[in-house]
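User: I'm new to reading structures like this one. Could you walk me through a few features?

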Amino acid sequence: MMERVPARELTRQELEEQKAYADAVRSLGTGPQTYCIVTYGCQMNERDSETLAGLFEAMGLTAADCRENADLVLFNTCCVRDNAQRRALGNVTWLKELKKTKPHLLVAVCGCMMQQPGMGEQILRQYPFVDLAFGTANLHRLPELLYRCVTEERRVIEVLQDDRSAIPEELPAVRSSAISAYVTIMYGCNNFCSYCIVPYVRGRERSRDSQRVLSEIRELRASGIREVMLLGQNVNSYGLDRKGELSFAQLLAEADKIGVPRLRFMTSHPKDISDELIGVMAQAKTVCHSLHLPAQHGSNRILAAMNRRYTKERYLDIVSRLRQAVPDIALSTDLIVGFPGETEEDFEETCDLVRTVGFDSAFTFIYSPRVGTPAAAMKDQVPAEVSSARIQKLIELQKESTRQRLRRQIGQVQRVLADSPSRRSPHEISGKNEYNVTVNFPADPSLIGQFVSVRIVDAKESTLTGERTEEGM
Ligand code: SAH
Ligand code: SF4
Ligand code: F3S
């Protein structure tokens, strides 16, 4: 049975100490003046980067317009797949060159990659130009670590291997958007899917206090935020680690009442999708009719080896219950090909799942062995060329499904949250519809940040195009 660790918030004393260090850095005058954060990985990391930016600003630093102009560059890394990690390390190494022409440049590394066993030592030995490194468990200690780095003129590497890491409450944050906001509701993961490194680098599940989550959403609403995305590696097990806490379905129902125009959440593990949650999705006024429900695979044998704890039949049953309750729901998923022991028949089961469900979109990944996870030690690793051929086939299959799902939306009048200038044309702007699909349409950029009524006229490979209409507002 999984050990349940009670959630612990940062103590007043810890917060005060770090505030004092932030003030001390601010008054130094000799430290870095500008910062740039480069973020890899998932939305949880993006949200952490907003907190890191908040801490830098509390220390008196300002954001640089690009990394070449920054006095301090911080890489917030991901290690979920080998290419994510290689990309991060490659960019860190690139800074080594920049440092030759700019000796005062500080290079810092944090995030999931740092939490892997031995990573601290590896940075010490192999990356002598890295000045500061820390993990996900001690991100709130940035002010102290930077203070020591600057005043003692030495490298500071601090990684804590602690499953009981605190929940970082009451830290400052610089939100990256005034339109949509991420709200982390829980940290860590207890699921230990056999291929996945996240539980090792992010620790055990820790839910935030629901009252704190709800007041954060109220504040965001008051500040004019139009969309909130609730975040967790497995939001469906929200609250289980806190006695008497709301369930995720209850939290979502409470959040709905606050009245931010749009609510989204990710990620949901299929094993924990409850009828209560489906009911809330159907009845809520602000919860978008779109759900990311990673299936990972279609073969029951592989699903068992992955430790996913559901079968293909159960997954299909959840999909049909969702569609019964919310007929227009858009479903997206994650799929892995080339898991150890995957045969051609197993892979065909994944293709069959894609054809049967008809996902609106899918992220497809080639299995990447992660040291320390059970799957990395399994026999029958699939050769790279076999995995490549399979993923190509899967991508083609999904493209067809996406095309069909998008074509069905032609002619609809949709409520689009305009969020940016369009990448296609200076006369167009771009936004997301209810189903999380990008819609491009001709309009004045002054509408960015607003809900706009758009008639869908065409479907591209993964986006829609439309025109403004007075209808439907
Ligand atoms: N907590 C989320 C996803 C976290 S990681 C969930 O359970 O759905 C995002 C995705 O990366 C996963 O859904 C999975 O498809 C993929 N992934 C994780 N580990 C991987 C690995 N070792 N190789 C390939 N893909 C992996
Ligand atoms: Fe990884 Fe599974 Fe946890 Fe998702 S649920 S983060 S895939 S261990
Ligand atoms: Fe990557 Fe860490 Fe997210 S490993 S996917 S950034 S939780």
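User: Which residues of β11 sit on one side and which on the other, and are they buried or exposed?

Analyst: In a regular strand, side chains alternate between the two faces of the sheet. In this predicted model, Arg262, Arg264 and Met266 lie on one side of β11, with Leu263 and Phe265 on the other, and all are buried (under 20% relative accessible area, 1.4 Å probe, protein chains only). Strand β11 (residues 262-266) has five of five residues buried, so the rest of the structure largely encloses it.

Local features need pLDDT of at least 70, side-chain atom pairs count only at pLDDT 80 or more, totals for chains, interfaces and linings use all residues, and side-chain values use heavy atoms, leaving out hydrogens and water.

User: Which strand is joined to β11, and by how many bridges?

Analyst: Strands pair if DSSP finds at least two bridges between them. Here β10 (residues 227-231) runs parallel to β11, joined by five bridges, and leucine 230 stands opposite phenylalanine 265. Helices (H or I, at least four residues) and strands (E, at least two) are DSSP runs, numbered from the N terminus.

User: In what order do the three strands of the open sheet come?

Analyst: The order is β12-β13-β14, with parallel pairing. The edge strands, β12 (290-292) and β14 (361-366), each pair on one side only. Between β13 (residues 330-337) and β14 there are six bridges, and leucine 335 has threonine 364 as its bridge partner in β14.

Technical notes
Residues numbered from 1 in each chain as written. Chains lettered and ligands numbered in written order. Buried < 20%, exposed > 50% of the residue type's maximum accessible area, 1.4 Å probe, protein only.
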